Amino acid sequence: MSVLSSFESIRFYIENQFNNVVNQQFNGNHTLTVFFLLLVANFGVYWSFGLLFLGFDLLSTKLKRYKINSNHKNLQLSTTKLITVIKGVVFNQLITFGLICSVLYIRNVYLKFESQKKIPSFGRFLLEFIVHFLLQETLFYFVHRVMHKKWFYMKFHKIHHEWSTPNAI
């Protein structure tokens with residue numbers, strides 16, 4: 001069995017499982033399913049790694065010696081600041097998610113874009129992954145630069161620079 005045919009069998013299996021979830025959990029609403037899975041993926045990946053490394057910071061004194069920035073090796077994370085940052089991150093994630101869903105909704109409804117209900121080939125997936133990654137990084141760079149303009153900085157971004165102890169969140 002070739003690698004390509006193995007990939008095709010896996011793709012077919014995942015596609016069937018996805019269609020089962022769409023039909024059983026979301027009453028056949030493909031768009032709602034995709035939005036829900038995007039939300040779970042966004043929060044799941046970010047918070048899995050963030051909380052893992054935050055746990056290292058909070059619970060392990062032995063790991064503190066491996067901190068890269070020696071000026072911050074002995075600083076403790078302030079619980080109040082940590083809660084403020086967590087609220088800010090969740091707020092930013094929800095706003096970003098809302099914007100992404102709005103763009104996808106406009107694309108689907110107003111531009112008559114029918115999302116495919118089939119999982120793309122590996123080559124197509126790889127191409128789209130690379131393009132989306134480059135777009136996301138480019139947009140993040142420019143949005144972050146805008147956040148350093150005086151008005152945006154004072155209203156929204158300043159809290160990002162008030163944190164004195166580097167951490168994963």
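Biologist: Is Tyr 66 buried or exposed?

Modeller: This is a predicted model, and every value here is computed from it. Exposure is read from relative accessible area, with over 50% counting as exposed. Tyr 66 has a relative accessible area of 58%, so Tyr 66 is exposed. Tyr 66 sits in the loop between helix 2 and helix 3, the latter spanning 79-109.

Biologist: Which residues make the nonpolar surface patch?

Modeller: Tyr 66 is one of them, along with Val 45, Phe 49, Leu 52, Phe 53, Phe 56 and Leu 63. Together they make a nonpolar surface patch of about 710 Å². As for the accessible surface of the protein, the total is about 13400 Å², and 68% of it belongs to carbon and sulfur atoms.

Biologist: How many helices and strands does the protein have?

Modeller: Five helices and zero strands. Read along the sequence, the pattern is α-α-α-α-α. Of the 169 residues, 17% count as buried.

Biologist: What share of contacts join residues at least 24 apart?

Modeller: That number is taken among contacts between residues at least 6 apart in sequence. In this protein, 66% of those contacts join residues at least 24 apart.

Biologist: How is the span of a helix read, and what does helix 2 reach?

Modeller: The distance from the first C-alpha to the last is set against the span expected at 1.5 Å a residue. Helix 2 covers residues 30-59, which is 30 residues, and reaches 42 Å, close to the expected 44 Å. Helix 3 has 31 residues and reaches 44 Å, close to the expected 45 Å.

Biologist: What caps the N-terminal end of helix 2?

Modeller: Here one looks for a side chain that approaches a backbone nitrogen at the helix end. Asn 29 is the cap: a side-chain oxygen of Asn 29 lies 3.0 Å from the backbone nitrogen of Leu 32.

Biologist: Where does Asn 27 lie?

Modeller: Asn 27 is in the loop between helix 1 (3-25) and helix 2. Its backbone is worth a check: Asn 27 has a positive phi of about 50°, although it is not a glycine. Asn 27 is also exposed, with a relative accessible area of 74%.

Biologist: Which residues of helix 2 and helix 3 are buried?

Modeller: The cut-off for buried is under 20% relative accessible area. In helix 2 the buried residues are His 30, Thr 33, Phe 35, Trp 47, Gly 50, Leu 54 and Asp 57. In helix 3 they are Leu 82, Val 85, Val 89, Gln 93, Phe 97, Cys 101, Leu 104 and Asn 108. The cover over the buried residues of helix 3 includes helix 2.

Biologist: Which residues is Gln 93 in contact with?

Modeller: Neighbours within four places in sequence are left aside in this list. What remains for Gln 93 is Asn 42, Phe 43, Tyr 46 and Trp 47. With Asn 42 there is also a polar contact of 3.1 Å between the side chains. Gln 93 is in helix 3 and is buried, with a relative accessible area of 9%.

Biologist: How far is Leu 94 from Asn 42 in sequence and in space?

Modeller: The two distances are read separately. Leu 94 and Asn 42 are 52 residues apart in sequence but 9.8 Å apart in space, C-alpha to C-alpha. Leu 94 is in helix 3, and at 46% relative accessibility it counts as partly exposed.

Biologist: How many salt bridges does the structure hold?

Modeller: One. The side chains of Glu 15 and Arg 11 meet in it, at 3.5 Å from N to O.

Biologist: How are Glu 15 and Arg 11 placed in helix 1?

Modeller: Position along a helix can be read from the count of residues between two side chains. Glu 15 and Arg 11 are four residues apart in helix 1, so about one helical turn separates them.

Biologist: Are Glu 15 and Arg 11 buried or exposed?

Modeller: Glu 15, at 11% relative accessibility, counts as buried. Arg 11 is buried too, with a relative accessible area of 18%.

Definitions and conventions: Residues are numbered from 1 along each chain as its sequence is written. This is a predicted model: local features need pLDDT of at least 70, side-chain atom pairs count only at pLDDT 80 or more; totals for chains, interfaces and linings use all residues. Side-chain values use heavy atoms; hydrogens and water are left out. The expected span of a helix is 1.5 Å times one less than its number of residues. Buried means under 20% relative accessible area, exposed over 50%, partly exposed in between (1.4 Å probe, protein chains only). A polar contact is a pair of N or O atoms within 3.5 Å; within protein, one must be able to donate a hydrogen and the other to accept it, and residues adjacent in sequence count only if both atoms are side-chain atoms. Patches are made of residues with over 30% relative accessible area and no salt bridge: like charges are joined within 9 Å, nonpolar side chains (Val, Leu, Ile, Met, Phe, Trp, Tyr) within 5 Å. Accessible areas come from the Shrake-Rupley method with a 1.4 Å probe; for residues, only the protein chains shown count as cover. A salt bridge is a side-chain nitrogen of Lys or Arg within 4 Å of a carboxyl oxygen of Asp or Glu. Contact means heavy atoms within 4.5 Å.
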